[in-house]
Structures are given as C-alpha cells and as structure tokens.
Amino acid sequence: MENIFVFLFNSIIVSTIICAAAGLSNSVSLKIQRYFCFYCDHNLAWFDIIPVISACVLRNKCRYCHAHFGHYYAIFELSYILIGTLLWATPVTWITGVLLLFLSLEDCSKQSIHANILFPWIGYLLILHHDAHIYV
Ligand SMILES: [Zn+2]
C-alpha cells in the first residue's frame, strides 16, 4: 500500500516539475492556476494532465488542437517516477534528485538554468553535515 502511495506521490511531483520547467521555458509565469496547451492556449481538463496515462490515451497530442507533444513527456514522466520511487527511502537524495530533475529539464529546453534554487538546499546540507566526522 505504501509503495502505491509513493508511486502516486512521485507521479504528481514529477508531472508538476515537468509542467513548471516547460512553463518557464515558454516564458509562462508559474502563478497561472490552470495548465494550458502551449500551442492553442486552451485550458486543460484534469483528465488531460494525468501523468503518463493522459499522454498514452491522447497519443501525445493536444485533445483540442491535435498538436503533437512528442514522446518526451511520457518517457520522462515514467522514467523519473520510477527513479523517484526508488530514491524515496533516502529523503535527502530524493529532494536532490527532484531539484536536479527540474534543472535538467530546464537546461534541455533553454540551455540555461535557475541554479539559485539550489542555494538553500546546499546551505541546508552544509548545516546538516557540518559536524560530520571524516574517517580516513
Ligand atoms: Zn492545443
């Protein structure tokens, strides 16, 4: 039961990160409440954004304008959902993976990243491990 929860939680997080990275790549504010098609600007229904399933059902096309998104989203979603589920046992690694996933998606589409989102996390890791002893 816990594995199903972890899988579903990771699917929501990964889908949100992919949408956020795609939005930033297309100069769309993250403050917009609804997801929409980047080609026809039509608001997407809840059943259009179910991770992996919607991409398979819609055959990687927009339901409204039939613009082809490519297999990119479904493959990335499924891959990172599985990776996130495997990393779930170590929260520090999982959070680092989520941050790096976002930056890698941003880098793929824009060739630039918002590296400053890593600074608070790196600071936390330094505080967390500042008294760690190194045994040689
Ligand atoms: Zn569309």
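Colleague: Of the 136 residues of the protein, what percentage count as buried?

Modeller: A residue is called buried when its relative accessible area is under 20%, exposed when it is over 50%, and partly exposed in between, using a 1.4 Å probe and protein chains only. By that rule, 29% of the 136 residues count as buried. Please keep in mind that this is a predicted model, in which local features need pLDDT of at least 70 and side-chain atom pairs count only at pLDDT 80 or more, while totals for chains, interfaces and linings use all residues. Residues are numbered from 1 along each chain as its sequence is written, and side-chain values use heavy atoms, with hydrogens and water left out.

Colleague: How many helices and how many strands are there in the protein?

Modeller: Helices (H or I, at least four residues) and strands (E, at least two) are read as DSSP runs and numbered from the N terminus. Here there are 5 helices and 0 strands, and reading along the sequence gives the pattern α-α-α-α-α. The C-alpha atoms fill a box of roughly 60 × 35 × 25 Å, taken along the principal axes.

Colleague: What span does helix H1 reach from its first C-alpha to its last?

Modeller: The expected span of a helix is 1.5 Å times one less than its number of residues. H1 covers residues 2-25, which is 24 residues, and it reaches 34 Å, close to the 34 Å expected at 1.5 Å a residue. Its buried residues include Val6, Asn10, Val14, Ile17 and Gly23, and the buried residues of H1 pack against helix H3 (72-87) and helix H4 (91-110).

Colleague: Which residues does Val6 touch, not counting residues up to four places away in sequence?

Modeller: A contact means heavy atoms within 4.5 Å. Val6 lies in helix H1 and has a relative accessible area of 3%, so it is buried; leaving out residues up to four places away in sequence, it touches Thr85 and Trp88. Across the protein, 51% of the contacts between residues at least 6 apart in sequence join residues at least 24 apart. Val6 and Leu44, by comparison, are 38 residues apart in sequence and 25 Å apart in space, C-alpha to C-alpha.

Colleague: Which residues have the most contacts inside the largest nonpolar core?

Modeller: In soluble globular proteins, nonpolar side chains tend to be buried together. A nonpolar core is a set of buried Ala, Val, Leu, Ile, Met, Phe, Trp, Tyr and Cys residues joined through side-chain atoms within 4.5 Å. The largest one here has 16 residues, and those with the most contacts inside it are Val14, Ile17, Leu101, Phe102 and Leu105. H1, H4 and helix H5 (118-128) each supply at least two residues of this core, and H4 gives the most, with 7 residues. Leu101 touches Val14, Ile17 and Tyr80, again not counting residues up to four places away in sequence.

Colleague: Is Glu106 buried or exposed?

Modeller: Glu106, in helix H4, has a relative accessible area of 0%, and therefore it is buried. Beyond residues up to four places away in sequence, Glu106 touches Ala21, Leu24, Gln111, Ser112, Ile113 and His114.

Colleague: What is the phi of Gln111?

Modeller: Most residues other than glycine have a negative phi. Gln111, although it is not a glycine, has a positive phi of about 60°; it sits in the loop between H4 and H5 and counts as exposed because its relative accessibility is 60%. Val52 also has a positive phi of about 60° without being a glycine, but this residue is found in the loop between H1 and H2 and counts as buried, at 17% relative accessibility.

Colleague: How many disulfides does a search of the whole structure find?

Modeller: A disulfide is a pair of cysteine sulfur atoms within 2.5 Å, and the search finds 0 of them. The sulfur of Cys56 is 15 Å from the closest cysteine sulfur, in Cys19, which is too far for a bond. Cys56 counts as exposed at 54% relative accessibility, whereas Cys37 counts as buried at 1%.
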